[in-house]
Structure formats: C-alpha cells, structure tokens
Amino acid sequence: MAMTLAEKMLADRSGLREVEPGQIVETPVDLVMGNDITAPIAIREFEAAGATRVFDPDRVALVMSHFVPAKDISSADQSRIMRQFAKRHAIRHYYPEGQGGIEHTLLPERGIVVPGDIVIGADSHTCTYGGLGAFATGVGSTDLAYAMATGRTWFKVPESMRFVYYGRRPPFVTGKDLILRTIKTIGDDGALYRAMEFTGEAIADLPMEDRLTMSNMTIEAGGKVGIVPTDELTLRYEEGRAQRPWRLYAADPGARYAEEHEFDVSALEPQVAFPSLPSLTRGISDVGEVAIDQVFIGSCTNGRLSDLRTAASILRGKRVHPETRLIVIPATQDVYKAALREGLIEVFLDAGASVSTSTCGPCLGGHMGVLGKGERCLSTSNRNYVGRMGDREAEVFLASPAVAAATAIRGRITDPREMAKEEAV
Amino acid sequence: MARAWKYGDNVDTDVIIPARYLVTGDPERLGQHCLENLDPGFLAGKAPGDVIVGGRNFGCGSSREHAPLAIKGAGVSAVIAESFARIFFRNAINIGLRVYESPAAARGIAMGDEVEIDEGGAAIVNRTRGERYGIAPLPPFVQEIVAAGGLMAKLRKELEEGGAGA
C-alpha cells in the first residue's frame, strides 16, 4: 500500500510494514522534551507512579524557556523542581536560562533533533521540528511522564493532507505568510487530528528557518504534525549540526491524502492575522488603518537569526514611532550572540527597541511585555486568542518580522513593501 | 443533575486558564481562574458537578495540562463538545476528566440546561428539553487507558511488572 510521509515514518519506527489512518501504534521516541511550565507536572506524575529513572538521560531535553528568568516566586519554585530533576537524573540536554533559549528554536539549531526523528514534547509547538523532516508533536505533561519512564508513546495514525506551494515568492513574502494564508484557507481546526505535508517548488526553495516557521504553526490549524520532506537543503542545514544520524523518508507515489490544497505563492502578499484567531488572516492591502501600541519580534515562530536580519534591514537608521514600543527577543542564546556580532542588536537599540534575554515571555502573556486593557500588539508569534498576551480586552495581530519592523516605525500596521518603495524614491 | 455552561467554537486553552496562572500544578488553585477570560460569570455561578459544553475544536492551542486540571479543579464533572483539539482530549483522558464528543449534544444543549450523562457514558440526556444525544465511542486502546484509571495507572502497572523506568 502506498503511504504518506507521516504513515511511512510511523510504520517504520513502530516495526510495522504498513499502517493506515485510525490505527493505534506504540512507537519508541528519539527525544522527549519538557519546559519549565510543563515539566514540573510531568515530574510529579513520574515520581508518583514510582518511576526512579528516565529511559535514557541523553534522550530527554529539559529547557527553561517560558517564565525565565523567573517572573515571580511561584515560577521560581516550579523551575526549581525541574532544575533538581535534571541534576538528579543527569539529563544531558538540560538548558537553564543563559545557556539555551526557546526550546523549538534551540533543539533544531543545535542538532539535538534530526530529520526522521520521532519526538514528543510537552509543548504544543513541538510540531516545529517537522520543518526538518521529523515526526514531532505536542503532548501534555502526563504523556511526557510516561515517555520519560518508558521511551515509548502511542499515536493514532493521522490522516494526511497535502499542501502544494508553487510559483516564486515575491519580496517580503515569507514562510509566516504562507502558513497564515494556509490556516485562513482550511480554518483553525482544518487539520484537526491530521498530518500536514508541505510540498512543491516554493517549499523546495524555502530556507530552513521559514520551513520551521511553517511547521511551527501546524497546531494553529489543529494538526498533529506538519512535515516538510527532507531534501538537499535539509541535509546542508544538518551538516556539522546533527548530533545523531538522521533518517530520510519520502511519501510513496500514489499515497492517499484526505485533502489536497494548492497555493500560488507568486500571487501572495504579506499576511496579517486579526484578533482573535489565526484564521482571521487578511492580505496586507486589506488591513486598513490599525494603530499599534506594541510590536513584538521574537518567539519560537519568528525569533531566529534570519528574522532579526530582516527586521534590522528595515529598522536600520530609523526610529520606532513615538506612540509605539518595540520589543525584540532573540529566541536563543546563539541567535543573540550572532545578532550581536552582526550589529543587529545595535540597530534595534538605536531604533529605540527594548531588547531582552531569550524567553517565550510576552508571546503567552507571561512577562516582559504583557498587554494592558484595550492595547493592541502586532506580534511575530503564533497565537492571537483572547487574553493571550495579557488583558482580555487587549488585541493581538500576527505577522512576519518584516511587517512587524515596518509597523514599529509607522505606529500602524504597515506593508514593508511600501517602505521599500519610499526608500527607492 | 448538572447545569450546562454553554460556549462556542474554538474555546482555547488560553481562555480556559491564562498562562499567567501556570505557576502551579495544583488543580484547585488553577480552578480559581478557570474560564475567567471567557466568562467571568462562570466562576461566580458554577456548582460542583456542572458540565461545560463547547462547539468545534474545544481546547485548541497550548498543550498545557493545566487546562483540564483547571476544569477539574473548578468542580466541573465533564466537558461535552462537537469536537476536541487533540492535545486537550488526550490530556483530559490522561488525567481522568470526562470528555464526550457529541455534535448533537453540543448543538442541542443551551446555557443553563439540566443535563445528565447516562451511566456508562452511553448517552447524554437533556432534562430541560427532554432530548437524548449519542456519544462518539472511544477507540478500544483509549478505553483501556480510561478503564485502567488513566495513563499513570498504566505506567504503575508496567513498572510493577518490571518494565523500563523502575
């Protein structure tokens, strides 16, 4: 039977010749991950069940990402549970603040997750690793506890959806714009319980960091995994980076997909998601006049080096609008260092931005940029739900770093192409 | 008899329990803020055993297990929805919060209706409207987890039998 990419991976790693959608499989995991919010509950459950050791201390990643540096006493106490557990179990991939960053940027960047991996993580954006060809999905703390003890988890084999992107991307149309447009088309539950497969000439041409952005937002369409088939570009990215051997998989010709969607990216413009669902996306020409109080550039979606380069290229020599504040948070320590070396941090500081240490912080309304009543934020992150970044009457718009940078300068949602045009005049 | 708290589609985990409260794993502390961003009236008016009824994609968003824990901690006995986001559904099963997928119930039940889950979870009864709704059955493997008393009970059993992690 011809199988999709997700089916091939699950069949192979579950020791089965073939699988079909709906079937339950038990599968060994290559890596399990938890963060400072989800791991403490997993640790409590792990210990309450009587487990005394993790299945493999080299295959557990514990990353301090959300409320670090500690935002209050309670979060410091939660972090302490994780710090002690990491030490007691000699967890190899334990990254406290100052040594790692946001988990979904960190693990691909350091080659801790590699193509063909089966990964579960107690964070919904674990699906990010699909960008490099891993089968990776978010779970809760109890599933993490079970996998930390046994090295296994269970999956219901998902139906697959195929997305084909063709044409040449115009300037300032990024992976973020492709995925927002996709979610607009299929809806916030359009891929519920399903695997998304991102293919086509425009994906072959898409840089790895943009691929990771697309897979990152799979969950915003309800998807279980969002996988980009591995190709030359993936292997170039992994050279000198992968800490373990990778596995290459490809969908079979003639595999069955529940749905197929095609997008002509040459006709696409920068996209903006309106409050309070990612599917409420519009092309930037249809945005109108929207004044913005805060711009946030960062998160596991768009806090990578290429994102900061794009933002800096627009902000260089400019000032943030007097009625708008700009927060820039490099997603990892390595991104921060590279941005510093390239002079990007100085560009942000000169523009009047607030630049801070790596954290998920404002994306989830945790700290370092929480919104007050009635405030509007344009954010490069992934969710704009009611109250996501602060007060329930605050509003969040989602867009790419290019739109974010242009918006910070003008103080209203701005098309970066408009600014580029004015520069040229 | 339980009263229904009825909401729409895409009730996300950020409105079930905002991230600023994710500084504890204690269900009761979490329950004190359950749904406060969606319906401030819920916390003031809820009674033990009430049920929450949602539309499509209930529990979408973050993987925070704090969401079903908060619902449980608020004293809610079950969540009924047209469909559930997959991580929320899995978390609810794992921690023993009863979740029922029933498009007919999600459409038929209105805010404040008196509802009852049939013994054994075979159907949902709406006493206010005199209606009865079917429930989508769980896959057998998932039924086993529920019957075992949750995923951690399954783990305890495996550890006793000498599996990994002991």
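A: Helix axes here are lines fitted to C-alpha atoms over the stretch in contact, and angles run from 0 to 180 degrees between N-to-C directions. Keep in mind that this is a predicted model.

The part to follow is helix 2 of chain A, residues 39–48. Start with its contact with helix 5. Helix 2 of chain A and helix 5 of chain A pack at an angle of about 55 degrees. Their axes are 8 Å apart. Angles from 65 to 115 degrees count as roughly perpendicular, and those under 35 as roughly parallel. Helix 2 of chain A is therefore oblique to helix 5 of chain A. The crossing of these two helices is right-handed.

Which residues meet there? Helix 2 of chain A brings A:Ile41, A:Ala42, A:Glu45 and A:Phe46. Helix 5 of chain A answers with A:Ser141, A:Thr142, A:Leu144, A:Ala145, A:Met148 and A:Ala149. By class, this contact has seven nonpolar, two polar and one charged residues.

Now turn to helix 3. Helix 2 of chain A also packs with helix 3 of chain A, residues 73–88. The angle is about 60 degrees, and the axes lie 8 Å apart. That makes helix 2 of chain A oblique to helix 3 of chain A. This crossing is left-handed. A:Ala39, A:Pro40 and A:Ile43 make the contact from helix 2 of chain A. A:Gln78, A:Ile81, A:Met82 and A:Phe85 make it from helix 3 of chain A. Six of these residues are nonpolar, one is polar and none is charged.

Next comes the sheet. Chain A has an open sheet of five strands in the order 4-3-2-5-6, with parallel pairing. Strand 4 (93–95) and strand 6 (135–138) of chain A are the edge strands, each pairing on one side only. Neighbouring strands of the sheet are turned by 15 degrees against each other on average, direction ignored. Strand 5 of chain A, residues 118–121, pairs with strand 6 of chain A over four bridges, in the parallel sense. In that region, A:Ile120 stands opposite A:Thr137 of strand 6 of chain A.

Helix 5 of chain A, residues 141–150, packs on the sheet. Helix 5 touches strand 2 (31–35), strand 3 (60–63) and strand 5 of chain A. Its direction makes about 135 degrees with that of strand 2 of chain A.

What lies beyond chain A? 50 residues of chain A are in contact with 40 residues of chain B. Helix 2, helix 3, helix 5 and strand 7 (152–156) of chain A each supply at least two residues of this side. Helix 5 of chain A gives the largest share, seven residues. The side of chain A that touches chain B has 20 nonpolar, 17 polar and 13 charged residues.

Last, the wider setting. Chain A is divided into domain 1 (5–241 + 256–263) and domain 2 (272–424). The C-alpha centres of domain 1 and domain 2 of chain A lie 24 Å apart. 35 residues of domain 1 of chain A are in contact with 30 residues of domain 2 of chain A. Helix 4 (103–109), helix 6 (175–186) and helix 8 (208–216) of chain A are the elements that give two or more residues to the domain 1 side. Helix 6 of chain A gives the most, with six residues.

Technical notes: Residues are numbered from 1 along each chain as its sequence is written. Chains are lettered from A and ligands numbered from 1 in the order in which they are written. This is a predicted model: local features need pLDDT of at least 70, side-chain atom pairs count only at pLDDT 80 or more; totals for chains, interfaces and linings use all residues. Two strands pair if DSSP finds at least two bridges between them. Two residues are in contact if their C-beta atoms, placed from the backbone, lie within 7 Å. Angles under 35 degrees count as roughly parallel, over 145 as roughly antiparallel, 65 to 115 as roughly perpendicular and the rest as oblique. A crossing is left-handed if the near helix is turned anticlockwise from the far one by less than a right angle, and right-handed if clockwise. Ala, Val, Leu, Ile, Met, Phe, Trp, Tyr, Cys and Pro count as nonpolar, Asp, Glu, Lys and Arg as charged, and the others, Gly among them, as polar. Domain bounds come from an automatic or database domain assignment.
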